[in-house]
Amino acid sequence: MSKTEALPLYERKHLKNTIPRLIELTILFLCFSLLGYRLLHLKNHGFIWLVALLCESWFTFIWILVVNIKWNPIAIKTYPERLLQRNLELPPLDMFVTTADPVLEPPIITVNTVISLLSMDYPANKLACYLSDDAASPLTYFCLVEASEFAKLWIPFCKKYNVPVRAPFRYFSDQSLFTGNSSSEFQEDWNIMKDEYRRLCQKIEEAAQKSVPCELTGDFAAFVDIDRRSHPTIIKVISENKEGLPDGLPPIVYISREKRPNHAHHFKAGAMNVLARVSGVMTNAPFMLNVDCDMFANNPQVVLHAMCLLLGVKDETDCGFVQFPQQFYDGLKDDPFGNQMVVMTKYLGRGLAGHQGQLYGGTGCFHRRKIIYGSSPEDKSGHGKMNIGDLEKTFGKSTKFNKFVAQALSSSSRTAESPESISKSIDEACQVASCGYEYGTAWGKEIGWIYGSITEDVLTGLNIHWRGWRTMWLRTNPKGFLGTSPSCGPNTLIHQKRSSTGLLEILFTPKSPFLGTLFRRLEFRQCLVYLYFLLWGPRSIFEICYAALPAYCILTNTNFLPKVNEPAILIPISIFVIFNTYCVSEYIQTNQSIKSWWNNHRMARIIAMTAWLCGFLSVIFKILRLSETVFEVTKKEQSSSIEDSDKKPGRFTFDNSPVFVPGTIILMVNLIALGIGFWSFIQRSGGQIAWGIGELACSIWVVLCFWAFLKGLFEKGKYGIPSSTVYKSAALVFVFVQIYRSS
């Protein structure tokens with residue numbers, strides 16, 4: 001073995017965490033001290049202190065979960081140059097891109113994502129790109145065909161000049177990405193490519209403005225009179241790379257799976273399972289990458305970085321999948337909507353790396369195909385020896401597909417046995433993409449992307465951890481994948497509502513982390529990791545109750561905090577000061593501003609009391625069989641930094657969604673309480689006021705957190721809270737205040 005081959009492909013570094021641990025334990029000690037104080041004085045204060053005790057007990061439990069996550073931070077560094085120096089054949093990779101609506105997810109965004117994947121620093125004959133279009137849109141297919149033609153020019157240009165970012169919209173819009181090559185040849189090629197990209201954008205824009213993007217004849221005939229809710233499977237091989245050229249255009253396949261009204265389609269999870277099966281009969285790569293349509297490959301060597309982990313581990317059990325963090329470009333200054341997750345990505349991500357592994361995030365993730373097919377770590381001999389009957393019962397009745405399933409499940413499969421011709425596999429691909437193929441099989445139950453939650457990504461990752469696999473989390477420089485974060489109030493809250501709904505659903509599925517720890521191979525501390533995220537929905541109840549407590553105390557002339565002259569007041573004050581100082585320090589260490597911390601803090605309170613509450617109620621209604629959860633697609637934008645003249649970037653926007661009602665109620669209740677409280681203080685004539693400075697400060701703090709809602713009461717248009725929301729909220733507030741006053 002040469003010296004180069006002896007060097008590891010990656011290194012794990014345990015990060016020093018002494019001071020953060022001391023701070024976290026201090027906060028935990030103070031929380032227990034406050035609970036002890038509550039218990040000792042509970043009988044003297046009654047119901048209001050019982051509510052406070054329950055809320056603070058919940059917050060303490062959540063803090064224990066946070067401490068558990070962050071206790072053992074680990075950083076991973078990869079060495080792709082060592083991988084290239086080794087004398088080994090790089091394994092094939094199938095890449096999946098999913099889109100569901102050409103209006104909410106404009107094709108130009110999808111096109112840039114696809115182009116960035118096709119042009120990565122990896123042999124083209126080892127890549128294949130599959131696009132799943134759940135809208136069966138001729139516009140999306142047209143754009144993909146045009147993008148493939150552009151890619152034939154773009155890929156050689158990128159490889160020739162080592163272009164740092166392979167998404168053309170990003171490369172041509174950011175001057176800092178200009179390579180600085182001053183040669184006349186580069187300047188000429190650069191101008192040619194920019195003109196070609198401009199023409200591509202113009203074609204896509206013109207096609208999007210038409211009711212039909214082109215004549216639906218020839219290759220487009222399959223889209224004639226298409227109904228996105230009921231149509232047969234459409235599979236189109238746009239490019240194939242029959243010559244197997246390492247510098248050519250990788251295969252590109254368009255897929256729109258069969259849809260029928262009386263068949264459940266299982267949203268994105270169903271689309272991903274179709275992609276797994278179709279790719280299984282067409283290219284059958286041992287590794288798979290999936291990205292959302294708006295998450296382009298920002299680092300040209302991202303595949304090599306991932307392969308350093310997938311190929312570099314001594315035991316495959318230690319690396320079931322490699323998850324890259326969701327990171328964003330062109331975020332608004334100071335993160336006004338609190339959704340860029342810079343601090344969470346750094347601190348929680350490193351902490352998760354110290355457990356059984358990172359949760360599957362649904363995008364930017366590299367999988368081992370055999371794990372998606374249900375392989376367990378103890379299957380050393382491979383499931384490839386399953387008999388035909390078992391294969392058909394588990395994977396479906398496609399002989400060709402099952403042949404490649406058996407090969408993929410072999411424990412030694414780093415190189416795949418792929419079909420001789422992709423285009424000759426279309427009939428088999430259509431069979432495995434039919435809506436009835438999964439009936440009577442284990443798809444969505446034990447293999448593939450798991451059904452039962454609209455956050456199918458987390459549920460699928462949980463299923464992988466259940467079986468005993470460990471997973472890895474990787475940050476690279478430059479960042480691996482970049483996307484867009486919601487840049488308005490409704491989109492932010494819709495996204496969070498969907499997440500909290502799906503996460504809570506997982507607790508009530510057969511794949512619950514409790515069952516995984518008791519009966520399978522999910523580690524206890526990893527179970528606690530999952531609980532931190534799965535309990536987003538229930539957290540809303542305790543957040544709302546605690547936010548209403550100071551208002552209730554002021555309205556009923558009671559108190560839920562120790563008085564200023566009592567030594568015990570130092571406990572909640574210390575928790576408040578130490579916790580927020582600790583959080584601010586984390587933002588400063590990640591080069592974020594204090595305003596960014598404040599924006600994230602207030603948005604965390606808004607999200608918890610609005611979006612998470614609606615998500616919690618959605619699950620309750622589902623359990624009671626009053627409604628079904630619905631997957632809501634959030635609108636994607638090309639860049640949040642592109643502003644129209646009438647836009648006010650960073651301003652909170654509203655619509656008629658009921659998600660804004662709880663926040664408006666909380667704001668109104670605290671405003672009324674503050675008004676009545678100040679009036680009572682001014683008008684008091686010898687009467688004693690039971691509430692104190694603590695309740696007053698807490699109520700003011702709640703109002704400050706909901707300052708965007710306060711401004712929305714006086715604004716008009718999309719920056720104002722709709723009248724219907726105000727009227728509903730005011731009616732409920734009136735009822736609540738009357739109850740308070742009569743208490």
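## Surface patch and salt bridges in a predicted model

Phe736 is partly exposed, with a relative accessible area of 32%; buried means under 20% relative accessible area, exposed over 50%, and partly exposed in between (1.4 Å probe, protein chains only). This is a predicted model, in which local features need pLDDT of at least 70 and side-chain atom pairs count only at pLDDT 80 or more, while totals for chains, interfaces and linings use all residues. Residues are numbered from 1 along each chain as its sequence is written, and side-chain values use heavy atoms, with hydrogens and water left out.

Phe736 belongs to helix α27 (residues 723–742); helices (H or I, at least four residues) and strands (E, at least two) are DSSP runs, numbered from the N terminus. Together with Leu732, Phe734, Val735 and Ile739, Phe736 forms a nonpolar patch on the surface, with about 450 Å² of accessible area in total. Patches are made of residues with over 30% relative accessible area and no salt bridge, like charges being joined within 9 Å and nonpolar side chains (Val, Leu, Ile, Met, Phe, Trp, Tyr) within 5 Å. Accessible areas come from the Shrake-Rupley method with a 1.4 Å probe, and for residues only the protein chains shown count as cover.

Side chains of opposite charge can pair when their charged atoms come close. The structure holds 28 salt bridges, each defined as a side-chain nitrogen of Lys or Arg within 4 Å of a carboxyl oxygen of Asp or Glu. The table lists three of these pairs.

| Asp330 | Arg170 | 3.1 Å |

Asp330 forms a salt bridge with Arg170. Asp330 lies in the loop between β10 (327–328) and α11 (342–352), and Arg170 in helix α7 (residues 168–173), so the pair ties together parts that are 160 residues apart in sequence. Asp330 is partly exposed at 27%, whereas Arg170 is buried at 12%.

Asp292 counts as partly exposed at 21% relative accessibility, and Lys268 as buried at 15%.

Glu715 is in the loop between α26 (707–712) and α27, and Arg651 in the loop between α23 (611–623) and α24 (661–683), so the two tie together parts 64 residues apart in sequence. Glu715 is partly exposed, at 30%. Elsewhere, salt bridges that share partners join Glu24, Lys70 and Glu586 into one network.
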